[in-house]
Amino acid sequence: MSEKYDLPKAYEFGEVEKRWYDYWMEHKTFAATMEEGKESFSIVIPPPNVTGVLHIGHALNNTLQDLLIRYHRMKGDNTLWVPGTDHAGIATQNVVERQLATENKTRHDLGREKFIERVWEWREEKGGAIINQLKRMGASCDWDRERFTMDEGLSTAVREVFVRLFNEGLIYKGDYIVNWCPRCHTALADDEVEHDPTDGKLYHLRYPYADGKGVVIVATTRPETMLGDTAVAVHPEDERYRGLHDIGIKLPLTGRIIPVVLDHHVEREFGTGALKVTPAHDRDDYEIGLRHDLERIKIMDDHGVMNENAGSYAGLDRFACRKQIVKDLEEQGYLEKIEDYQHAVGKCYRCATVVEPTTSKQWFVSVRPLADKAVQAVRDERIKIYPNTWYNTFYSWMDNIRDWCISRQIWWGHRIPAWTCQDCGELIVATTDPDVCSKCGSSSLSQETDVLDTWFSSALWPFSTLGWPEQTKELQTFYPTSVLITSFDILFFWVARMMMMGLHLMDEVPFHDVYLHALVRDKHGKKMSKSTGNVIDPLVTIGQYGTDAFRFTLTAFAAQGREIRMDEERVEGYRRFINKLWNAARFAQMHIKDSDPSIIRVADDPSALPLHHRWILSRTNETIRRVRAAMDGYNFNDIASSLYQFTWHEFCDWYLEWIKAELYGDDDQARQNGRGVLLCVLENILKMMHPITPFVTEEIWNQLPGERGTIMLESFPDESPAWQDAEADNSMDLLMGVISAIRTIRSEADVHPTAKIQASIICPNKEEQELIRSFAGAIGGMTRTEHLEIMDSGVVPDDAGYVLVDGMEVFVPLKGLIDVQGELEKLDREHKKIDKELMRVVGKLRNEKFLKNAPEAVVQKEKGKQKELETRLAKNAESVARLRKLQ
């Protein structure tokens, strides 16, 4: 523990954060516990890519996880937070290939084995960056348990799962239409393809009848694929094409005769009702091809270049081919028209290259049996999803799920454990490398060159990181895990697959709850990107404002929804909140540093304490209740708002002001009561805030009286029935209302801060009168009121400032207290300024061009300004009217 010292005026977060994190690491305070008879709480970190650097999404995600882990650790639960990183197959291979390119080399120059060695070298050198950045965020993971999706243990688990699923008939190899990335040279699963609205062209082509007696018009966004057309499809009940089935179509530019097939898939009402069919390069066309036994003609190679099946177009890039095809179609009279057309173009989620659907032999997981189990677990509430707005999306996606393509044509990753005998053709799938063929005994075996989709190993993360397939104590203690916190955009990439694998292999859900947090955007709701210059870098923000302020901001913004609008000015605001807490602790330290910690026992039975002490203990109790409920319900923003409101406004603004007279006074008992309750409440604030703001709370905690260990292992506050005091709450609300009313009158009338005033209260309730009289001294001290008159009834004078409070009329005679003429002149200047700005805004809102062209958000912002300015004008007029009565 650090030596006791007087807290300095400024909180120097940089030195404090490093010192305490080093202490926590050295003393292994993050280590998991597995004690019999205790509740268990566990989280597996969504493993960031080993190539990654900390971004705002990571910062939010890991702050929320750490908040829960620290909370449950303080509750005394067996707590485990498993850290780790993902090998990120495509992304990592791309990074190392770019590195090789600077040396004028490719991976093929090195060969597979040497290339993989090079990737491991890169991982050892660079792969720990994001882990160190998470530590900067204060993450309290059990770092001794850090895992990597290609470490030895997880590699064993991956092989075990592959072999089991293969033997159960749930993994198979077959020809299928896949999403192919020509840049990464690999197949992609459906959810690895991002569909962006793109402005393109819709080409209407004239396909002549084979007998030359007519044409059919077909439309496509990819005219180059016509070279692979093997049919035209029409609806069997479409009268426009009756008899065409017997004639066929002569495919332009090729001379090939292709059939017309009748298929119910075709929508008669869409376009001309005729559909060109390219089974090798379109998913829907592939299905039509299967139904009608159509030939599949691949016209492109794996690089997106036209192949020999493209005839004279062979060797052209697909997009260059498109231009040439359109030109040739137009010249030969086969181009009907071209229209502008916006459509969703699929792009690789890693490199943004336009994906090409193509047929290929791949490995697949048959997911329907697995998906059904996951859906049932969610319907049975064995897995709950927060917020609940995601249930329908989850069900819809799972109902329409396709088999999962798990093979990738890259080198970095888990190589598929399948071997083919070169002598007899036997396929061997095994957890260990075979030496000979199990069928013919030949040693001539060739291993599958593809690797598994990165998400395959990630899908096993909740149980593989706990030691599976071994039956470990960790697995017994912490599986199922308690909650998964992740961004909603990987609900299907990862979350659904963990559900499927966990239920199938463990016969148990992988987690009880799923919390899907929103995506972080800038303050205007725009996506953060380097190109637009609106990125908030967590490490820069931490360096400027401190980790605690940043974490508190993220928590305060983490409402359940789909979007978080992040504003760096709010980080500055919460930095001030951290400073407010620091200064409150400095004030407390001045009065309690030489006290025995046992002084807090005065709070054990508050019934004999004065009203303000009973009130602050009651408010502490209510805050504990709210914070615990928000923690347990994943309402993270409510945690932050409850702590902010209580700490800043109730504790600092009211309670500390209230007890100053006692702490500086001569009454020993009053001073002792004040010190004891002050220490008690401050301790509870620090404990409640610790999960969000670990560094500043640890520093303050260890400067409070007595021998202290880390606050991290203290007990999280529990509600105390003895502290709940509705009568104290109501009475203090009344007194604070009176004080606020007098302060408001002084402020609005611009009474000099040091001026003494007279105040009066018209209060018909006798009990309330007695309460106010008994605290007249405190009211006077906090409002600089030298005389307070309380009456049953009366009339508020015209020359008085006036506020209505819960049926009471509070007023202050202002004559002689202010410079009336000077205030009127000030208000007149203010009126002119507001009026000028209002005229500008109104003029803008009357401009039809502005209303038509400006974004809706901008228009609404101007309307908000108009309303605000009109309100200010009305208040200005009220102030003028009030002052004229004083003339």
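Which residues of α7 are buried?

Analyst: The structure is a predicted model, in which local features need pLDDT of at least 70 and side-chain atom pairs count only at pLDDT 80 or more, while totals for chains, interfaces and linings use all residues. Residues are numbered from 1 along each chain as its sequence is written, and side-chain values use heavy atoms, with hydrogens and water left out.

The buried residues of α7 are L154, A157, V158, V161, F162, V163 and L165. Here buried means under 20% relative accessible area, exposed means over 50%, and partly exposed lies in between, with a 1.4 Å probe and protein chains only. Helices (H or I, at least four residues) and strands (E, at least two) are DSSP runs, numbered from the N terminus. As background to such a list, an α-helix has 3.6 residues a turn, so residues three or four places apart point the same way.

Helix α7 covers residues 152–167, and its 16 residues should span 22 Å at 1.5 Å a residue; the end C-alpha atoms are 23 Å apart, which agrees. The expected span of a helix is 1.5 Å times one less than its number of residues. After α7 comes G169, which has a positive phi near 80°.

One of the residues in α2 is N62, which counts as buried at 7% relative accessibility. Leaving aside neighbours within four places in sequence, N62 is in contact with I45, W81 and L134, where contact means heavy atoms within 4.5 Å. G76 follows α2 and has a positive phi, near 95°.

Two further helices each hold a buried residue described here. T541 is found in helix α16, residues 538–545, and is buried with a relative accessible area of 1%. A polar atom of the T541 side chain lies 2.9 Å from the backbone oxygen of D537. Not counting residues up to four places away in sequence, T541 touches I536, G546, F550, E568 and V571. V696 belongs to helix α22, residues 694–701, and is buried with a relative accessible area of 0%. With residues up to four places away in sequence again set aside, V696 touches Y11, D548, I578, L581 and W582. The C-alpha atoms of V696 and G781 are separated by 32 Å, and these residues are 85 apart along the chain.

A cis peptide bond with omega of about 15° joins W468 and P469, and P469 lies in the loop between α13 (461–464) and α14 (473–478). Another cis peptide bond, with omega of about 0°, joins Y479 and P480; P480 is placed in the loop between α14 and β23 (481–487). Y634, although not a glycine, has a positive phi of about 60°. Y634 sits in the loop between α19 (611–632) and α20 (636–663) and is buried, at a relative accessible area of 6%. D806 is likewise not a glycine and has a positive phi of about 45°. D806 occupies the loop between β29 (800–805) and β30 (808–813), and at 64% relative accessibility D806 counts as exposed.

These parts belong to a protein chain with 28 helices and 30 strands. Its C-alpha trace spans about 110 × 70 × 55 Å along its principal axes. Of the 887 residues of the chain, 54% count as buried. Among contacts between residues at least 6 apart in sequence, 77% join residues at least 24 apart.

Definitions and conventions. A polar contact is a pair of N or O atoms within 3.5 Å; within protein, one must be able to donate a hydrogen and the other to accept it, and residues adjacent in sequence count only if both atoms are side-chain atoms.
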